[in-house]
Every structure is written in C-alpha cells, then in structure tokens.
Amino acid sequence: MALTLQEKILDPNQGVYLIGTTPPKLGTDSEQLQTIATKLLNRLHEIEYDGVVIYDIQDESSRTQVPRPFPFKQTVDPVEYSKLVRDLSNLDVITYKSVAQRDRKEFTQWLQKTKQDFGLNNLVLVGSPSSKGDVKLGLPEAYQTLREHTQDFFLGGVTIAERHANKRNEHERLIDKTTKGCEYFISQAVYDAQATIDLLTSYARTCRQQGNEPKRIILTFTPCGGQKTLEFMQWLGISVPEATKWRMLDADNTLNESIKICRENLDLILRSCAHLDIPLGLNIESLTNRKEEIDASINLYRLLKATMELQLAEKQIA
C-alpha cells in the first residue's frame, strides 16, 4: 500500500516532493475553478509528486515601504481550492492559512469547517507579515487554539532562512514551533544557499544538544524569468546575492540560468548538510502565472528531484 503524505514526511528514509501553487482570484466561478485546477494537474501528469501545497496569499504591503511589483489580488479561500485539487488528483494537499484576520472564535469555527466540510487535515499556519495593522489573532494564539480543538490536524510551519541570517535565531523558532505541534517545515524560496546551510546547521546542532530528532525541512525553489519576477522575489523577502542577480539578468536566457542556479544551490546544501541527518524535501513553485515560468517550474522539479533522490540513495548505501 502506498504511503500517505503524512507517513512520508514522518519517515526520514523517504523523499518528499511537492508542487506549490496559489488559488485563483476571488470571484472565479466554480466551473472556471475546476478548469484551472484541471489545467494545473494536466501540466503535472508526467511527473511523480507526493502532493500539492496551496498557499494563502495575503497583502503584505505593511511589511515594506517598497511598492508591490505585481498588484495584489484576493484569491478564493485556500480550503475550497485545496478540496478541489485533492478530489481531482486523489493526492494529499497541504493548505496554508493566514491566521491574523480572524479572532479566536472565528478561527475555531474555521478549523471545524475545514475538517468537517472540506475534509482537510494538513495545515501550515502563517502569522501576520507585520505587527502593524489589524492583527486579530497572533500565531502563538492560533497554535494554542489548534491544540485545544477537538479535531486533529497534521501541522506544519514556515521557516525563513533570511530571518536567521539577520537575527541568528530562526533555529530557535523551529524548536519552539515543534513544541507547539509542528511536524515539518516548508522554507521560503531558496536563492541564498549559504543562509539555508547556516540555518540547518544551527538547527541540527541545537537539536543534538537537546536530545531531539530534527523535523523534516522541505526546501522551496522557484524559477526566475526576468527582472520583474526578480523584483517580486526580493519584495517577498527572498535573499538573492548580488552575483546571483547579475548572473541571471546578464545571461542569454534568465529562466534557464535560474534553473542552473537552483540546481547548484540544492547540490551545495545537500553536500554541506549531509552529515546533519536532517530529513529534507522539495517544494517547487512558480511565483507568477506566466506560462514559460510555470513550464520551467516543471523542468526544475524534474532536475531537483533527481538530484535529491540520488543523494537519498547514496545515504542509504553508505
């Protein structure tokens, strides 16, 4: 019998390979929703993957004074799109949920509806992008609400290597989130390999000192097709080293060059962190709806999955 996504995430000997996507814009009717989801899954039919990550897109303008490169558009509720993708694909989904917009009572009701009406179990809770603005529920309070809820959920968390580069405490956040119920973590998109290596090293050392087994870290990668996408990546807080930026933009084909860079970054992370015994995974996303970048994300998935599968096989025979 095939393993579930939960079973794969919890088994350090298994690879975990995901595709990340965003729900369609708010107001999309049910027929068009099905068309969009079917088109996505048809693109993916030639690759083997374990599940789909459905993001909850928020207006993060409170986080920075820099104008958003692409206009913010509200999307349909991630749980609605998650259920549709799961029903069409017969694969597990992981649903992101921003918790700041609902108070504790409303969040409890949302959890009940998510489990009973939509049958969804795999959640990643996301806090407010900034302490500014109207934050009705903080992430710690959301974790507490989830723990007290009558329904069980398989909980994951977000990790951002850039925070570790700035504050040197992201590994402590991972350990704290683990005590609050997180069984795995999904990273922000990686373009600065060294920041991720530093985070994984700090996390592994602290887990070893405390006598704990590290949780799985699922590394996100995304292709970059040009200046506008690069600006959006940096607006989102993704760290792109100066040399990497110009290597992509000065290349004859920025998109292909970005794929090469992602492959090199993953290879460097795997070689640098092989001794840490942290189970890793892959999540491949496209940050825009441009066809060439979506197609490139499929090629990137194939390449990075093969890279990680080779490392996993070598580890098992070592």
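Guide: The lining of the second largest pocket divides evenly into five nonpolar, five polar and five charged residues (charged being Asp, Glu, Lys and Arg; nonpolar Ala, Val, Leu, Ile, Met, Phe, Trp, Tyr, Cys and Pro; polar the rest). The model is predicted, with local features requiring pLDDT of at least 70 and side-chain atom pairs pLDDT 80 or more, while totals for linings use all residues. Numbering starts from 1 along each chain, and side-chain values use heavy atoms, without hydrogens or water.

Of the 15 lining residues, Asp56, Gln58, Gln74, Thr75 and Lys97 lie nearest the centre of the pocket (an open set of 1 Å grid points where a 1.4 Å probe fits, with protein on both sides within 12 Å along at least five of seven lines; lining atoms are within 4 Å of a point). The space in this pocket is about 300 Å³, taken as that filled by probe spheres on the points.

The model has 16 salt bridges (Lys or Arg side-chain nitrogen within 4 Å of an Asp or Glu carboxyl oxygen). One of them pairs Asp295 with Arg43 at 3.7 Å, N to O. This pair spans 252 residues, from Arg43 in helix H2 (residues 30-43) to Asp295 in helix H12 (residues 291-317); helices are DSSP runs of H or I, at least four residues. Asp295 is partly exposed because its relative accessibility is 28%, between the limits of 20% and 50% (1.4 Å probe). Arg43, at 26%, is also partly exposed. Shared partners join Arg43, Lys291 and Asp295 into one network.

Arg86 and Asp87 form another salt bridge, with closest N and O atoms 3.2 Å apart.

Definitions and conventions: Helix = DSSP H or I, 4+ residues; strand = E, 2+ residues; numbered from the N terminus.
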